[in-house]
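Hi everyone, thanks for making the time. I'd like to walk you through one model today, so please bring it up on your screens and follow along with me.

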Amino acid sequence: AQGMRRTIRLGKCSEKSAISVRIHIEELANSRSSGQPLDSQTAAWLSSIGDTLHKRIAATGLVEERKQRKTIGASDLIDLWIAERPNIKPFSLAGVKRTQVMINKFLGNNPDMQSITHTHAVAMQNAMIKHGYAEGNFRRHLGRCRQFWREATRRGYFIGENPFAGISITAKPDKDRQVFVSRGVIDRCIAAAPDAQWRLIIALSRYGGLRCPSETLALTWDCIDWEHNRIRVPSPKTEHHAGKDCRIIPMFPELKQPLLDVFEQAEENVPWVITRYRHASVNLRTTFLKIIQRAGVQPWAKLFHNLRASRQTELAESYPLHVVCQWIGNAQAIAMEHYLTVNDAHFWKAVGQPLPTVNGQSALQNALQYTPEMPGNGKKAESDNKQNHQYLQGFTDSCSNVHIGILHQLGLEPRTR
């Protein structure tokens with residue numbers, strides 16, 4: 001740029017490396033003389049080289065001198081990030097703390113964030129696999145690592161490409177752990193529950209599709225709309241998203257009696273629906289496992305999640321998926337990947353075979369009991385007895401034309417609520 005030839009000594013290196021450096025130096029010279037921005041490859045190379053070579057290039061006037069780079073340890077950055085979020089939820093805080101432990105364990109004690117490369121990130125992933133961490137577990141940690149290195153870039157503590165950017169953090173769903181929990185099984189568990197509140201907890205998970213314990217314990221009596229048969233479900237997990245702090249679900253018939261049982265025992269001036277199991281030391285999963293064993297039922301994987309997933313699978317048989325996702329509180333893509341399941345009842349229904357019975361109840365009744373249909377809507381299953389079928393069909397045809405009158409608002413006699 002000053003009209004004179006300058007020399008940049010590289011020290012001992014291979015001819016291949018020298019040629020590569022020469023190409024980038026020529027790009028820097030062209031950019032300097034023409035005023036055009038650097039290409040992405042040269043810009044990335046310039047940010048990745050050591051301070052000694054960068055200083056020699058800067059001495060020729062091709063680039064500005066590198067400012068003193070700020071440094072910070074990964075563990076220190078995480079502590080700083082936590083301190084700036086006083087309202088972080090305990091569950092989220094515990095997850096971040098576990099990731100902090102993993103970083104110190106596999107990347108060194110409080111490592112300088114600028115010193116971590118993609119090679120270190122891959123080594124951390126392989127080490128976690130070797131130590132037997134579940135895929136969903138270690139991918140969550142790697143995802144948080146990516147988040148914290150992105151935060152370091154924003155604060156100026158890291159320059160270059162995020163070392164965790166090229167690592168997949170999406171865990172594939174374990175289909176072997178996706179289980180449809182039938183009505184027959186869950187009704188036995190409800191019958192074995194020790195009290196009304198536990199019966200309601202199980203019913204809300206299986207028949208209401210609530211997340212347990214977060215949504216179940218957040219439920220208050222103000223959320224129960226007895227008049228319109230609706231329930232407002234607070235959602236602590238998604239409340240930080242706009243419009244996702246709660247959702248409205250129907251008061252399904254399976255929920256009404258358990259709710260009434262708990263309501264009759266409720267104390268005055270106590271807002272919470274579930275009151276007996278709110279202490280942090282109470283482990284609902286452990287107690288639920290004991291209830292399942294008392295009911296004589298084989299425990300299934302992901303005890304509470306599969307109840308919620310079973311309800312979504314069941315509702316998807318009768319309602320459009322966008323409606324079901326609105327009630328359950330997830331996205332259609334998430335439902336397809338992690339919630340909806342295929343069970344034996346679908347196959348029996350598809351092939352038109354007689355359903356096997358267990359204790360006098362068909363598999364379809366146990367697995368997929370649909371919401372009752374109005375008479376004459378054409379959705380009733382065919383009977384194996386043709387004569388009864390023809391007789392009942394004629395009866396329903398006659399009933400379909402009956403006009404339904406509107407009752408007075410006072411209700412039936414004697415007057416009822």
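This is a predicted model: local features need pLDDT of at least 70, side-chain atom pairs count only at pLDDT 80 or more; totals for chains, interfaces and linings use all residues.

Now, Ser75. You'll find Ser75 in helix α4, residues 74-83. Is Ser75 buried or exposed? Its relative accessibility is 12%, so Ser75 counts as buried, given that the cut-off is 20%. The side chain of Ser75 makes a polar contact of 2.8 Å with the side chain of Gln100. Leaving out residues up to four places away in sequence, Ser75 touches Gln100, Asn104 and Asn110.

Let's zoom out for a moment. The protein chain has 18 helices and five strands. Of its 417 residues, 35% count as buried. And if you take the contacts with a separation of 6 or more, 59% of them are between residues 24 or more positions apart.

On to the cores. Which residues touch the most other members of the largest nonpolar core? That core has 46 residues, and the ones to look for are Ile186, Trp198, Ile231, Phe288 and Trp300. At least two core residues come from each of these elements: α8 (183-192), α9 (196-206), β2 (230-234), α11 (253-265), α12 (284-294), α13 and α14 (321-328). The biggest giver is α9, with seven residues. If you click on Ile186, you'll see that, beyond residues up to four places away in sequence, Ile186 touches Val181, Ile202, Arg206, Tyr207, Phe288, Trp300 and Leu307. Apart from this core there is another one, of 27 residues, including Met102, Met113, Tyr157 and Phe158.

Next, α13, which covers residues 303-315. How many residues of α13 are buried? Twelve of the 13 are, so to speak, under cover. Among them are Leu303, Phe304 and Leu307, but also Arg308, Arg311 and Glu314. From first C-alpha to last, α13 reaches 19 Å, close to the 18 Å expected at 1.5 Å a residue.

Ile328 lies in helix α14, and at 0% relative accessibility Ile328 counts as buried. Setting aside residues up to four places away in sequence, Ile328 touches Gly209, Arg247, Arg308, Gln312 and Leu315; Arg308 and Gln312 are among the buried residues of α13. Here's a pair to compare along the chain and in space: Ile328 and Val233 are 95 residues apart in sequence, yet their C-alpha atoms are 9.8 Å apart.

Staying with α14, have a look at how α14 sits against α15, residues 332-339. Their axes come within 9 Å and cross at roughly 85 degrees. That angle is why α14 and α15 are described as roughly perpendicular to each other. On the α14 side, Leu321, His322 and Cys325 meet Gln332, Ala335 and Met336 of α15.

One last stop, and that's Thr216. Thr216 is in helix α10, residues 214-218. With a relative accessibility of 1%, Thr216 counts as buried. Apart from neighbours within four places in sequence, Thr216 is in contact with Ile201, Leu204, Leu210, Arg211 and Ile274.

That's my tour, and I'm happy to go back to any of these spots with you.

Key: Residues are numbered from 1 along each chain as its sequence is written. Side-chain values use heavy atoms; hydrogens and water are left out. Helices (H or I, at least four residues) and strands (E, at least two) are DSSP runs, numbered from the N terminus. The expected span of a helix is 1.5 Å times one less than its number of residues. Buried means under 20% relative accessible area, exposed over 50%, partly exposed in between (1.4 Å probe, protein chains only). A polar contact is a pair of N or O atoms within 3.5 Å; within protein, one must be able to donate a hydrogen and the other to accept it, and residues adjacent in sequence count only if both atoms are side-chain atoms. Contact means heavy atoms within 4.5 Å. A nonpolar core is a set of buried Ala, Val, Leu, Ile, Met, Phe, Trp, Tyr and Cys residues joined through side-chain atoms within 4.5 Å. Axes are lines fitted to C-alpha atoms, for helices over the stretch in contact, and angles run from 0 to 180 degrees between N-to-C directions. Angles under 35 degrees count as roughly parallel, over 145 as roughly antiparallel, 65 to 115 as roughly perpendicular and the rest as oblique.
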